[in-house]
Amino acid sequence: WHQTLSDRQWELMEPEASPGQASGAELAVRLPLTRATAVLESVTAREDMVSVQLYGHPWIFESHWPLLAPGFLVTAVDDTGAEHEGGPHDSTGTPALEGSGAFWFWPPVSPRARQLTVTVSTLWEAAWALVDIPGR
């Protein structure tokens, strides 16, 4: 999905881009997973680019070998019925396999959308939370 992002959308994803235009909300929503820990820490919206910040354990790093699948898959369905895939951006982790990272949704979220049903899944399980898109 990275290949289809326009230059404007990449600029919107950068933390220092368009100060004052981003809307954000702290969430701290723990998802009910039994074999992993996942917490939606925050949601950010800049025009049609929307992301969630996820804390997770175990946080699998792409550089670890052998990597069969990422630790967490993040998807969303907005209240207009459109489906979105969360692509990881700016993640950090620890040797204890804890981590945090932003997941930007693609395709862009329509300005008509007011809420997202965000699903976080692992190889074994999935959980979801309904979150409001800030500023909408």
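User: Where is P107 found?

Analyst: P107 lies in the loop between β6 and β7. Strands are DSSP runs of E with at least two residues, numbered from the N terminus. The model is predicted: local features need pLDDT of at least 70, side-chain atom pairs count only at pLDDT 80 or more, and totals for chains, interfaces and linings use all residues. Residues are numbered from 1 along each chain as its sequence is written, and side-chain values use heavy atoms, with hydrogens and water left out.

User: What makes the peptide bond that joins W106 and P107 cis?

Analyst: Its omega is about 0°, and the bond is accordingly cis. P58 is placed in the loop between β3 and β4. Such bonds deserve attention because most peptide bonds are trans.

User: Why is S51 counted as buried?

Analyst: A residue is buried under 20% relative accessible area, exposed over 50%, and partly exposed in between (1.4 Å probe, protein chains only). S51 has 5% relative accessibility, so the residue counts as buried. S51 belongs to strand β3, which spans residues 49-57. Neighbours up to four places away in sequence aside, S51 touches S42, V43, T44, F103, W104 and F105; contact here means heavy atoms within 4.5 Å.

User: Why is A25 called partly exposed?

Analyst: The relative accessible area of A25 is 28%, and therefore A25 is partly exposed. A25 sits in strand β1, residues 23-31. Apart from neighbours within four places in sequence, its contacts are E41, S42, V43 and P134. The C-alpha atoms of A25 and V52 are 9.6 Å apart, although 27 residues separate the two along the chain.

User: In what order do the 8 strands form the open sheet, and what is the sense of the pairing?

Analyst: The order is β1-β2-β3-β6-β5-β4-β7-β8, with antiparallel pairing. β1 and β8 are the edge strands, since each pairs on one side only. Two strands pair if DSSP finds at least two bridges between them. β4 and β7 are joined over 6 bridges in the antiparallel sense, and V74 stands opposite V120 in β7.

User: Which residues of the largest nonpolar core touch the most other members?

Analyst: They are L40, L54, F105, L116, V118 and V120, in a core of 25 residues. A nonpolar core is a set of buried Ala, Val, Leu, Ile, Met, Phe, Trp, Tyr and Cys residues joined through side-chain atoms within 4.5 Å. β2 gives the most to this core, with 4 residues. Beyond four places in sequence, L40 touches several residues, among them L27, V52, L54, V118 and V131.

User: Why is the pair of W59 and F72 called tilted?

Analyst: Rings of Phe, Tyr and Trp (its six-membered ring) pair if their centres lie within 6.5 Å; planes under 30 degrees apart are stacked, over 60 edge-to-face, and the rest tilted. The centres of the W59 and F72 rings are 6.0 Å apart and their planes stand at 40°, so this pair is tilted. W59, at 7% relative accessibility, is buried, and F72, at 6%, is buried as well.

User: What makes the pair of W59 and F103 edge-to-face?

Analyst: The ring centres are 6.3 Å apart and the planes meet at 70°, so the pair is edge-to-face. This pair links distant parts of the chain, with W59 in the loop between β3 and β4 and F103 in strand β6, 44 residues apart. F103 is buried, having a relative accessible area of 6%.
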